[in-house]
Each structure stands twice: as C-alpha cells, then as structure tokens.
Amino acid sequence: QLVESGGGLVQSGGTLRVSCAASGFTLANHAIGWFRQAPGKEREGLSCISSSGDSTNIADSVRGRFTTSRDNAKNTVYLQMNSLKPEDTAVYYCAASLYPHCGQGFDYWGPGTQVTVSS
C-alpha cells in the first residue's frame, strides 16, 4: 500500500512537502508519480521519478515550483512544493509503477492527501 502524508493548509506563497510511503513492498524498485485532482477537474500528472532517482519529469504547469525526490533507504518519495498558489488546492496522490523507469504507467495508488492554499 501507498500512503501520502504532509498535506494541509498553507498560505499563498508558502511551501509544503508531501510524502509517499509504502508498506508491504519496496518503493526502491518502482518509478513513482505524483498527481493531483481539484474539485470538478480532471486528474493532473505532476511528476515522475525513476526508481534510482536519477531521472525526473516535472509537468510544465508546476516546473520551477515543484520538485520530486526520493530516499530509498526510508522507502519514501517526496513532492516539494514551493511558491504555492490557491489554484494548487487539490487532493494529491502518489502512484507506483510496476517498472523502474517513468513512462510505463502507474499501477498502485495511495488514497491521497488534501492540500489547501489560502489566498
């Protein structure tokens, strides 16, 4: 299972780091993606990081503000969010691929964590 944590309420311009932890399997073998879904909107892909962490992809919509990293020793992947805007308000999800490299889709999903950015 995947579980996200670290969401919450933050003011516009603030920072937040959300984490994705796994139980029952080793994240180190899997590429991990971050997604978000705001009310009434489609799910949006934000990032992907390869199993080793040597390759990352960031969506244009958040590039320059969001970064992703991982600590395989802690079996955890992170999404660092800076310069947050009210339009970043959404439920944030992490997802694991069956494969070590990005671009192969995602097969396991966490329940999500709410991020709310106040203006």
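**Close-up views of disulfides, rings and a sheet**

**View 1. A disulfide joins Cys-20 to Cys-94, with the sulfur atoms 2.1 Å apart.** This is a predicted model, in which local features need pLDDT of at least 70, side-chain atom pairs count only at pLDDT 80 or more, and totals for chains, interfaces and linings use all residues. Residues are numbered from 1 along each chain as its sequence is written, and side-chain values use heavy atoms, with hydrogens and water left out. A disulfide here is a pair of cysteine sulfur atoms within 2.5 Å. It is a covalent bond between the sulfur atoms of two cysteines. The torsion about the S-S bond of Cys-20 and Cys-94 is about 70 degrees, so this disulfide is right-handed. Cys-20 lies in strand β3 and Cys-94 in strand β9, so the pair ties together parts that are 74 residues apart in sequence. Strands (E, at least two residues) are DSSP runs, numbered from the N terminus. Cys-20 is buried, with a relative accessible area of 0%. Cys-94 also counts as buried, at 0% relative accessibility. Buried means under 20% relative accessible area, exposed means over 50%, and partly exposed lies in between (1.4 Å probe, protein chains only).

**View 2. A disulfide joins Cys-48 to Cys-102, S to S 2.0 Å.** The link of Cys-48 and Cys-102 is left-handed, with -95 degrees about the S-S bond. Cys-48 sits in strand β5 (residues 44–49), and Cys-102 in the loop between β9 and β10. They are 54 residues apart, so the pair links distant parts of the chain. Both Cys-48 and Cys-102 are buried. The structure holds 2 disulfides. With the bonded cysteines of the protein chain numbered in sequence order, the pairing is 1-3, 2-4.

**View 3. Four strands form an open sheet in the order β1-β3-β8-β7.** The pairing is antiparallel. Two strands pair if DSSP finds at least two bridges between them. At the edges stand β1 (2–5) and β7 (66–71), each with a single partner strand, so one side of each has no neighbour in the sheet. Neighbouring strands of this sheet are turned by 20 degrees against each other on average, direction ignored. Axes are lines fitted to C-alpha atoms, for helices over the stretch in contact, and angles run from 0 to 180 degrees between N-to-C directions. β1 and β3 pair over 4 bridges. Glu-4 stands opposite Cys-20 in β3.

**View 4. Phe-25 and Tyr-108 are one of 4 aromatic pairs in the whole structure.** Their ring centres are 5.9 Å apart and their planes stand at 40 degrees, so the pair is tilted. Rings of Phe, Tyr and Trp (its six-membered ring) pair if their centres lie within 6.5 Å; planes under 30 degrees apart count as stacked, over 60 as edge-to-face and the rest as tilted. Phe-25 lies in the loop between β3 (16–22) and β4 (32–37), and Tyr-108 in strand β10 (residues 108–109), so the pair ties together parts 83 residues apart in sequence. Phe-25 is partly exposed at 23% relative accessibility. Tyr-108 is partly exposed at 41%.

**View 5. Phe-35 and Phe-106 form an edge-to-face pair.** The rings are 5.3 Å centre to centre, with 85 degrees between the planes. Phe-35 lies in strand β4 and Phe-106 in the loop between β9 (90–96) and β10, so the pair ties together parts 71 residues apart in sequence. Phe-35 is buried, at 13% relative accessibility. Ring pairs link Phe-35, Phe-106 and Trp-109 into a cluster.
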